[in-house]
Amino acid sequence: MTAVGLLEAEWTKIRSVRSTVWSLLTFVVVAIGFSALISTVISHDWNSPGNHPNHARLLTDPTAVIFGAGLGLGQLAICVLGVLVISSEYTSGAIRASLLAVPHRIPVLVAKSVVWAVLDFVISAITVFVTFFLTTAILHSHVSISLSGPGVTRAVIGAILYLTVLGLFALAIGGLIRHTAGAIAIVIALVIVVPPLVGLIPGTIANHIHGYLPTVAGGLVSQTSQQPADVLSAWQGFGVFCAWTVVLMAACGWLLVRRDA
Amino acid sequence: MTSLPVAEVTGLIETRELTKRFGDKVAVDHLSFTVSPGRVTGFLGPNGAGKSTTMRLILGLDRPQSGSAMIGGRTYAQLSRPLATVGALLEARALHPGRSARNHLLFLAQTQGLPARRADEVLDLVGLREVARKRVGGFSLGMTQRLGIAAAMLGNPGVLMLDEPANGLDPEGIRWVRTLMQQLAAEGRTIFVSSHVMSEMAVTADHLIVIGRGKLIADCSTQEFIERSSERSVLVRTPDGDRLRELILAEGAQVRPEGNGGDDGVASMVVTGLPAPRIGELAASASVVLHELAPRLASLEEAFMELTADSVEYSDRSAR
């Protein structure tokens with residue numbers, strides 16, 4: 001049993017089911033499509049009076065505007081696939097075949113995480129760069145956004161890293177819950193339902209809780225500049241998101257070894 | 001048929017005081033037995049007796065509360081290339097339905113550092129070459145069973161553990177599995193196969209381990225099991241049933257009425273624990289007329305049901 005063999009095996013697993021292709025295709029199309037659509041609308045309505053807040057945001061935090069729509073929605077496909085990568089083994093029973101082949105179990109989780117993270121990183125990098133160059137080209141006649149702008153390159157790299165860690169965050173929850181539907185519901189709730197609800201609670205404590213929520217903190221690294229309401233800096237936020245993921249992943253590994261398969 | 005040598009690890013399966021509880025329910029109860037190489041060992045018990053759980057404990061999928069299970073002196077987790085030592089077929093549907101048969105075998109081969117062609121070899125072995133690239137979600141239960149057997153044979157292991165392998169197979173498939181198991185046992189491998197169908201085991205297994213409610217009921221050769229089970233019952237028909245019953249009970253044997261017993265004044269009863277000649281002598285000594293005295297070769301199925309009657313998990317007793 002070698003590390004290479006385990007990585008090969010996980011790669012065979014992930015490439016040989018259709019949900020991988022469909023989820024990633026959905027992610028790429030939704031992310032690029034929505035960002036392009038929003039940019040086109042902004043560009044088209046540039047001179048109409050209602051559009052001013054976007055202008056201001058485009059100058060201070062351009063990546064939040066150009067990534068916001070597309071990645072905000074597209075990331076749900078990453079969440080779904082991250083859960084499926086492990087939960088589908090439990091719901092189908094294939095996990096038993098996997099654990100019979102690798103009885104120590106933890107190497108399965110590590111190899112699975114590595115293969116998924118690399119795939120997620122590569123697809124996210126392509127998507128983020130295409131989104132960036134496409135939307136900046138659409139907005140070119142109104143506002144000039146380039147990688148050399150302050151914080152822009154960090155935000156672009158940050159968006160890719162955020163999506164990669166998000167995939168692992170979803171995988172950890174999938175491995176903890178072991179039921180596809182339940183795990184997807186929890187991940188999506190944590191990503192898009194809980195943050196705005198917590199954000200509605202007034203007061204500085206609630207504001208801090210909101211700031212430390214996994215994807216709220218994690219998303220900061222894809223912003224060009226820190227906004228007044230943000231309680232963490234870009235890299236601090238990313239660190240908090242990574243910490244959430246590490247803790248969940250450790251719990252997932254601990255339970256994987258302890259629970260009956 | 002196979003291109004790799006049989007694994008050198010000796011294939012003795014040994015459980016000692018193995019115990020597994022799920023909540024309040026004891027699934028496996030201080031179970032100790034040994035499964036030897038070179039023969040087919042049948043693992044029998046009614047549904048819910050704990051057969052699958054025992055297999056999962058041996059394979060390290062479930063953790064026992066106490067006791068141990070070893071294969072060739074090592075726990076499953078201690079095997080360096082498990083699939084090259086032990087091949088297992090558990091519930092057949094334990095596959096991702098969207099994956100092709102070949103990809104299922106390919107990823108398993110990769111974990112063990114086996115070449116990809118090994119996947120094709122075992123697909124040939126079980127006759128699934130033509131559907132190798134088809135998604136297993138569309139397979140019949142019989143095809144899925146064959147794929148499970150292919151997966152078990154992937155590492156050419158010295159030990160095979162098969163949980164109800166005949167499930168879903170047609171008669172031709174059942175014969176194929178039986179021949180394969182006997183052939184593999186003849187090569188010196190350990191074959192441990194569970195079933196709840198006694199008649200199937202009677203023609204397949206050399207040795208039997210019978211459990212009920214997680215406890216060991218019998219551990220003997222199939223031959224011995226058959227002889228022990230079929231000798232004991234005798235059908236007797238007599239017009240003087242009450243008198244004969246007393247005589248038999250006085251000898252310490254058991255009597256139970258057979259069929260609708262007392263029609264036309266002739267009682268039918270089944271005697272266990274007393275040989276036919278002795279019943280004849282008893283009847284003669286008391287001048288009881290016998291209309292019939294027939295040693296019954298109880299079917300194996302009956303013997304098995306009798307043996308496990310007290311340990312059936314789900315019975316329809318209330319309906320009788």
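Begin with both chains of this predicted model in view and select the place where they touch: 26 residues of chain A are in contact with 31 residues of chain B. On the chain A side, the elements that contribute two or more residues to this surface are helix H1 (3-15), helix H2 (18-44), helix H4 (62-92) and helix H5 (94-101), and the residues of that side divide by class into 12 nonpolar, 9 polar and 5 charged.

From helix H5, move to A:Arg105, which sits in the loop between H5 and helix H6 (106-139) of chain A. Its backbone deserves a look, for the phi of A:Arg105 is near 70°, a positive value in a residue other than glycine. Most residues other than glycine have a negative phi.

**H6 against H7**

Next select H6(A) together with helix H7 (residues 152-177) of chain A; the two pack at an angle of about 145°, with their axes 8 Å apart, and their crossing is right-handed. To display the contact, show on the H6(A) side A:Leu109, A:Ser113, A:Trp116, A:Ala117, A:Asp120, A:Phe121, A:Ser124, A:Ala125, A:Val128 and A:Phe132, and on the H7(A) side A:Val156, A:Ala159, A:Ile160, A:Leu163, A:Thr164, A:Gly167, A:Leu168, A:Leu171 and A:Gly175. Coloured by class, the residues of this contact come to 13 nonpolar, 5 polar and 1 charged.

Stay on helix H7 and pick A:Ala155, which is found in that helix. Is A:Ala155 buried or exposed? With 27 other C-beta atoms within 10 Å, A:Ala155 is buried. Setting aside its neighbours within four places in sequence, the residues in contact with A:Ala155 are A:Thr63, A:Ser222, A:Gln223 and A:Thr224.

The loop between H8 and H9 holds A:Gly203, which counts as exposed because it has 8 C-beta neighbours inside 10 Å. A label drawn from A:Gly203 to A:Leu171, a residue of the H7(A) contact already displayed, shows a C-alpha to C-alpha distance of 33 Å for a sequence separation of 32 residues.

**Over to chain B**

Turn to chain B as a whole, where the secondary structure comes to 11 helices and 13 strands, and where 45% of the 320 residues count as buried. Among the contacts in chain B with a separation of 6 or more, 71% are accounted for by residues 24 or more positions apart. Colour the chain by its domain assignment, which gives domain 1 (13-221) and domain 2 (233-297); the C-alpha centres of these two domains of chain B lie 45 Å apart.

Within chain B, select helix H3 (residues 101-111) and helix H4 (residues 117-125), whose axes come within 8 Å and cross at roughly 130°, so that H3(B) and H4(B) are oblique to each other. The crossing of H3(B) and H4(B) is right-handed. Their contact is made by B:Ala101, B:Arg102, B:Leu105, B:Leu106 and B:Ala109 of H3(B) and by B:Arg118, B:Ala119, B:Val122 and B:Leu123 of H4(B), with 7 nonpolar, no polar and 2 charged residues.

The last stop is B:Asn156, in the loop between helix H5 (141-153) and strand E6 (159-163) of chain B. What is its phi? B:Asn156 has a positive phi of about 50° although it is not a glycine, and, because 21 C-beta neighbours lie inside 10 Å, B:Asn156 counts as buried.

Technical notes: Residues are numbered from 1 along each chain as its sequence is written. Chains are lettered from A and ligands numbered from 1 in the order in which they are written. This is a predicted model: local features need pLDDT of at least 70, side-chain atom pairs count only at pLDDT 80 or more; totals for chains, interfaces and linings use all residues. Helices (H or I, at least four residues) and strands (E, at least two) are DSSP runs, numbered from the N terminus. A residue is buried if 20 or more other C-beta atoms lie within 10 Å of its own, exposed if 12 or fewer, and partly exposed in between; C-beta atoms are placed from the backbone. Two residues are in contact if their C-beta atoms, placed from the backbone, lie within 7 Å. Ala, Val, Leu, Ile, Met, Phe, Trp, Tyr, Cys and Pro count as nonpolar, Asp, Glu, Lys and Arg as charged, and the others, Gly among them, as polar. Domain bounds come from an automatic or database domain assignment. Axes are lines fitted to C-alpha atoms, for helices over the stretch in contact, and angles run from 0 to 180 degrees between N-to-C directions. Angles under 35 degrees count as roughly parallel, over 145 as roughly antiparallel, 65 to 115 as roughly perpendicular and the rest as oblique. A crossing is left-handed if the near helix is turned anticlockwise from the far one by less than a right angle, and right-handed if clockwise.
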